[in-house]
Amino acid sequence: EAVRTHRWWAKPLTSAELDSLRSLAPYATGPELELAQSLLTGTPTGTLPLIEWVARYVPSYFEVAPSGFHHWLSAELSWLHLRRGTRLNIIAPRGAAKSTWSTFAYPLYCACHALEPYIILSSDTGMQAEKYLDAIRSEFEGNELLHADYPHLAGSGPVWRWDHVRLANGVVIEAVGTGTKLRGRRNRQHRPSLIIADDPQNTG
């Protein structure tokens, strides 16, 4: 019943209220559980959790059943946009799909739901970061499932370059190499809100 009362809130929940909701969510079921998840992640009611969303919209990237690590990682990523200033450092064995989740699945999810207004993809070289962006750009251009459920984002956006895209919902995604200056960058009134650094060092 406590979760149900949050249905009528018309303003963003405070940190204390979010903490309270997190403690109550495990006891919610059905519509109340869906509402709690929506309030906690900042996504519209009915939006699939990240780990289910990627299985539906980009299944070719996730042909193997998710491991415990992937369940943990998707849960951690789902909260990031609600925890400004958070730094999440992921260390996992090669082949654990760290890059697939961090540079592809999660930023694509954030872009579709406008959770992050300004996303930076960074790697050791600008060319590698641009490959990450190209994978995301390709989904907007040719993913029929995304086109059906996110028609406003189908195809090329207002800006559609190899290193910089702006979607129809206003989200900007940029690809930069390590060492590129980030200070002063803006997407209208927004500073970079999500910065993803994958393999930032060249160990060769």
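This is a predicted model: local features need pLDDT of at least 70, side-chain atom pairs count only at pLDDT 80 or more; totals for chains, interfaces and linings use all residues.
Modeller: Residues are numbered from 1 along each chain as its sequence is written, and side-chain values use heavy atoms, with hydrogens and water left out.

Colleague: Which residues of α4 are buried, then?

Modeller: In α4, which spans residues 50-57, they are Leu50, Ile51, Trp53, Val54 and Tyr57. Buried stands for under 20% relative accessible area, exposed for over 50%, and partly exposed for what lies in between, with a 1.4 Å probe and protein chains only. Helices (H or I, at least four residues) and strands (E, at least two) are DSSP runs, numbered from the N terminus.

Colleague: And where do they sit around the axis of α4?

Modeller: They are on the same side of α4, because the arc they cover around the axis is only 160°, the arc being that of the directions from the helix axis to the C-beta atoms. An α-helix has 3.6 residues a turn, so residues three or four places apart point the same way.

Colleague: Switching to the sheet, what is the strand order?

Modeller: The sheet is open, has five strands with mixed pairing, and runs in the order β2-β3-β4-β1-β5. Because β2 (159-160) and β5 each have a single partner strand, they stand at the edges, and one side of each is left without a neighbour in the sheet. Two strands count as paired if DSSP finds at least two bridges between them.

Colleague: How many bridges join β1 to β4?

Modeller: Six bridges join β1 to β4 (residues 172-177), and the two strands run parallel, with Ile120 standing opposite Glu174 in β4. β1 also runs parallel to β5 (residues 194-197), to which four bridges join it, and there Ser122 has Ala197 as its bridge partner.

Colleague: Is β1 buried or exposed?

Modeller: Six of the six residues of β1 (residues 118-123) are buried, so the strand is largely enclosed by the rest of the structure. Both faces are covered, with Tyr118, Ile120 and Ser122 buried on one side and Ile119, Leu121 and Ser123 buried on the other.

Colleague: What does the side chain of His164 do?

Modeller: His164, which lies in strand β3, is joined to the side chain of Glu174 by a polar contact of 2.6 Å between the two side chains. A polar contact is a pair of N or O atoms within 3.5 Å; within protein, one must be able to donate a hydrogen and the other to accept it, and residues adjacent in sequence count only if both atoms are side-chain atoms. His164 is buried, with a relative accessible area of 13%. Leaving aside neighbours within four places in sequence, His164 is in contact (heavy atoms within 4.5 Å) with residues including Leu133, Val159 and Ile173.

Colleague: How many disulfides are there?

Modeller: The count comes to zero, where a disulfide is a pair of cysteine sulfur atoms within 2.5 Å. For Cys110, the nearest cysteine sulfur is that of Cys112, 9.6 Å away.
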